[in-house]
Amino acid sequence: MKKDPNKGYIALLGWSLNAIEAAENFDRRYVVVAPEWAEEYCQKHDIPYVPWNFERLNDRSMEIAETLQKMGVDVAIPLYEETVEWAGAVNSLLLDSPRIYGQSLLMRDKALMKRRAQLGGIRVGIFEEAHDKEDVVRFLKRVNQTLLKLDGDPNDPIHLKAFDKAGCLGHRVIRTPDEVDTIPEEEFPVLMESHLDGWEFAVEAWIHNGKIAFLNISEYVTLGYSVFVPASPELEKYRPQIVAQIEKLIKAFDIDFGLIHPEYFVTSDNEMYFGEVAYRPPGFKVFELLERVYGFNAYQATMLVFDPKTTEEEVKAFFPKEIVDANGYAGCFGVYPRRRVVSKLEIPEEVEDHPYFESHELNAPAEETVTKRTAFGTHWGLIYFKGEDAHTLRDLLKHQEELDFYV
Amino acid sequence: MTTYGPTQDANETPAGNDKLVGLLAKLDEATTLLTNSREFAKPAKLPRVFDTARRVLLQEGGAAAIEARAQALEEAGVFVGSDWETPQYLVPSLTTHSLKSTDTNTVVIEVLSELRLLAVAKGDYLHPLISSEQAHHYLTQVLALNLSLLFGTPSEAERESQGRLAQIPRHLFHHLADRIGYEHIIDRLIDEIWRILQQRPILVEPVKQMITQIAICQANPEIDLGVSGQGADRLVSSLFGPTQACREDPGVEVYRERLVSMDSSALQSEATGFARAMHDTGLVSPYHTVLLRHLLDHSDHLLSEALGLSSTGRDCLLCYHELVHALIRAGVHPTTPQAVYGLTLTLERGILYQPPVAPAMWRQLGLSLSEWSKARLNLAFGDSVSPRARLVEGVLCVLGLPLGVGQGNNPTCQSARALSMWAYNDPDYLLQMVAWAARDDDIIMHFEGMPLSSMASLSGVATELPMDLDPVSLIVVPHLDRIYAEMVRRCIGREGDPHRWVNPEFHGWWSGRGFRINVDVATGQLDELDAFLRHFYASYHPYYNGNQPLIHPQPAGIAVTDSAARFIGWHAITILRVSLDPDDVMRVYFFNPNNDSGQDWGDGIQVSTARHGERFGESSLPFEEFASRLYIFHYDPLERGELAEITQQELDRVIGHIHRSWGANRIPPTNLQASMGPEGA
C-alpha cells in the first residue's frame, strides 16, 4: 500500500509474517527488526529490515534505539514477550520518556506486575516467588492451611508460572508435594499463585491517549485449549465491570498507548481477580479470530494506537463497535495428541463436517512418540471454528477435547 | 464460463448441495486471501486453500466446481514454487504415487493440477505454458495409468493409509472420465482385464466392475467409443449374455421361462455356449447358474456339457453324482455364479477321489455357521444368498483355484499362502480348517508340541479385520493370522529368523525343516551369498538335484523390489515347480498371494503370469532371476546334497542382480566385490 509520509514510521520488534503482511497493507512506513537469519528472506521479498539479535544484552544495546532514531522511526512495537523490554528501551529514547522503560520491565516480571496491580487497588490472588522446590511445598501447604484443609483432604492446587514467559509457557498445576519433584531445577525461579475457581478470560484492549479505544473479551473454554471471541452474552454481561478494571489497570501501570492483554478470573461471588498482563499481541491467534468476526486487522490496530502521529478521529474511524459489529463468533482449539503413540493426522469427520468448522493448521506428526505433557501451551496446532451462536461454539470447542486428531 | 457434461452433479442430494455451496464460499474466500496476499505471505495462506479444496473434493460435484475455479486457483498461486508450477514438465506416471500418498497436501495439489489441466484441455483456460492438446494427452495417460482408481473402490489398505482421502482421487477420475471420454481409455482397460483374468483370481468383483463400466459405455449412445473397445465383446458377453437365449440380457426370470420350453438339443447348445464363455474368461454369467439348476432335473450328460468337463471331470461327476447335485443346489445361485467355475475345476482336479474329501464336502454342506461367521459374510458380500451358500461357493472356488487365493490389501501374505497351499496339496486339511473357523470360531494348531488357539491369541499381523477377501479367506485368515503371529511371538529371543521354525509348523509337515537365509538378521547385511545360492540350486534346480521335480509346494521368502529395483519389503510365496518353459528356459513357477502377480521388479526382472508355460495363477521367472530375489528357502535336511557346482559366471549374474537391487545397501564390508568400488560399502 502507498505509504503516507505524514503518518508515523514504525519498527516491528520480532519476526511475524502476519504482522509484516499487515504492515505492508497499511499506510504507515515500517521496518522489521529481526535476527540476522531473516535478512535473506527480507531482501528476496523487499521487506524493509534492520538486523538485531534480541538475545544479546550488552552495552551496545542503545545502538538499536539510535539506529532507529536516525532512520526517523517514531515508535517500536513489541511482537513477542521477549521483545517487550526492548521496545520499552527503544521507545523511551524515541519518545523521550524514560518512564516507558520502567513500565516495560514491570510487564516482564509477573511478580512485580502483581505487586504493582495490588498497589493500584486491584484484587489479585495469593502469590509468592519460589526459588526452589522447598518454597513450592511450603506455599502449597500454607495455601491449603488457609483454606482450613485437614491432613488428607484433597489439596487445592497451586499454579506455577515462569516470571518472564508468554502466556501458558511454563505454566504448571501442582496438587501434591510429590508433583513438586517433577519440576526441573532450571525452571526456577517461578511465580506461585493460589488457585481461583471461576471463569477465566482475557482482554485485548487497544489504548490511545490513556483511553480504551477498543476492548475485546476473549472467553476461554478451557485454559490452554480453546478460546473464542467475542465472549458469550453471559460473560459480556460483566463488560462494564471489566472496563472499570481495565481503567484501573491503565492507571496503575500508567499506560498511555498500546495494546494490553491482561487475564482475569471472575469468581462465583462476581469478584474479579487480576491474573497478569502482557504488553504485546496475544497468543492463540486471537488476532485472527478478531479479524474473522470484526473484519479489522488487529496488527494494523496496534500500529495505529502505537503511532504518536495518529489522531483521535482516525482511531475512532478505524475500530468497529464492540459486540454489535461482530459477525458471529470465532474460536479456535489447540490440539494435543491424546495417545502416547501416534502415526498420522486424522481430522474426525464430525469436526470436518460441522458447519462451524473453518480450517486447521495441523501437520502430520513428525515423531511417533508423544512427549508427556508437563505444562500448558504446547499444542500441535490450531483448528478454527466460526458460527452464529456462542453456546454452540462453546460446546463445540469443549467437545474437541474428547476427540483424537492424531491416531 | 464452463459448460458441464453429464457429471456427478446429476445425482446430488439437496443437502449435499447446500454443503458444497457452503464449502465453495469458504474456498473462494480462502482463494481471495491467497490472491491478495504478498508473495512472502502466500505460504501461510496455502494450507487453508488446500484444506478447503480437499473438503470440496470430497463432495459430489466438487471436482466440477474446482475445475471451474482452476484458473483462479492457479492465478492465486497454489502451484507457485512447486513442480506443478510448470505443467509442461509433469510426468503422468508419477501421479500413481502422488494420488495414493498419505500426505493430504500432495493428493490435493495433484488433484488440483489435474483439474486445472482438464480446464486447459477443454479450452476453458488458455494456459501460457501448456497447450490444450498437450493437456488432453497428459490426462489420457493419467487416466489409463490409474484405472483402478476409476473403477475400483478403495482397498482396505488404501483406507488404512489414506482414510477419507482415498475418495478424492476417485471423484477426480469419475469427473475426468466423464469429461475426457471413456473411449480414450477403454482399450488400455481391456488389455488390463485380460491380463488379470489370465491369473484366474477367485475374487472377480473388481474385474466385473471394470467390465460393467465398459458395457455401460458401449450401451450409452452419448459415448462415442470410436474404433476402441473391440476386444471387450467376449468379456461383456461372458457376464451378460454368453448364449443365444440370453444374448440380449433379458433378466434371469425371463431366461428361466425360456429354459422350460427348450428341448434337449437347445439345452445342449446353451450348455456348450456357457461352458465356452466360462473357460475362455474364468467368469461366470448369472444365467449360467439358472441353466445349471434347471439341468439338475435332466441328465448328467447335459450337466457335464454345461460345466465343459473333460473325461476326468466327467468321471468325477458321475462317480459323485449326488454330492455334485447337492453342491449345485446349495452353492450355485445367480448371485454366486463363480461357484460354477469352482465346481468345474474341483471336479477336474479329481480331488474328490481322495477318501476324506467327499465326506468333508458333505460336512461343509451341512455346516451350521457361528453368528460371527454369518455376520462377517453378510457384511462383506451382502445377504442376497445365505451365508452358508456363500461359503460353499467360496470353498468350491478355493478348491478349484488354489492359486486364485489373494491376500487383498492386507499384510497377511503368510495366511493366504497357507490357505492356497492346503487347497493345492492337502484339501482335506483345508476343509477341516474351514469347518473349525466357520462353526467354532476357533482354530487350534500346534507349535513344537504346544497347542495354540486362535481364540486365545491376542493379535495378528493385520491390525484390522480384512474385508476384501474371498469367502473362505474372510472366515479363516483372521484365525490363521493370529496363530501365525503367536508362533512368531514364541520365537522371540531365538537367534536368527523366526521363519526357520514357524514355516514348517504353520504350513505342514512337507515344508522342509532345513532352512537357509542369505541375510544376517542382526545386521541386515547379506550373508554367505555364494553358499546360499549353490545350496538353492542343489535343492531345486533339476540340473543340479538329479533331475528331481519338486514334490511338495515349499514356502519361500523373497525380497520384493519395485520397478526401479528398490527394496519394498519381505514377502511370502510358494515355490510350486521348476521346469523348462516352451523356449527351453529353466523357470521357477511360484504362487504369489499378492492379488496381481504381473509385477515389474526392476533391473529387467518382469514377473510373468502367462505365455511362459504358466498354469492359471502361477507366476514365473527364469531360475537365475528368481534366485536373485530369494532370501529364504526350505529344504529336507536328510536330502541335503553337495553344493551345486554352478559356474562362476552364472553365480556372478545372480549376485549382480542382487547387488543392483535389494542388496545394494546390504553388502557387508568384508565381502566387497572388486567391481563395486568403494561406493558399494
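Visitor: How many residues does the contact take from chain A and from chain B?

Guide: Before the numbers, a word on what you're looking at: this is a predicted model, where local features need pLDDT of at least 70, side-chain atom pairs count only at pLDDT 80 or more, and totals for chains, interfaces and linings use all residues. Residues are numbered from 1 along each chain as its sequence is written, while chains are lettered from A and ligands numbered from 1 in the order in which they are written.

Now, the contact: chain A puts in 15 residues and chain B 17 residues (two residues are in contact if their C-beta atoms, placed from the backbone, lie within 7 Å). On the side of chain A that touches chain B, the elements giving two or more residues are α1 (17-24), α14 (349-352) and β15 (357-360) of chain A. Helices here are DSSP runs of H or I with at least four residues, strands are E runs of at least two, and both are numbered from the N terminus. Sort that side of chain A by class and you get eight charged residues, four nonpolar and three polar. Asp, Glu, Lys and Arg count as charged, Ala, Val, Leu, Ile, Met, Phe, Trp, Tyr, Cys and Pro as nonpolar, and the others, Gly among them, as polar.

Of the contacts in chain B with a separation of 6 or more, 72% are between residues 24 or more positions apart.
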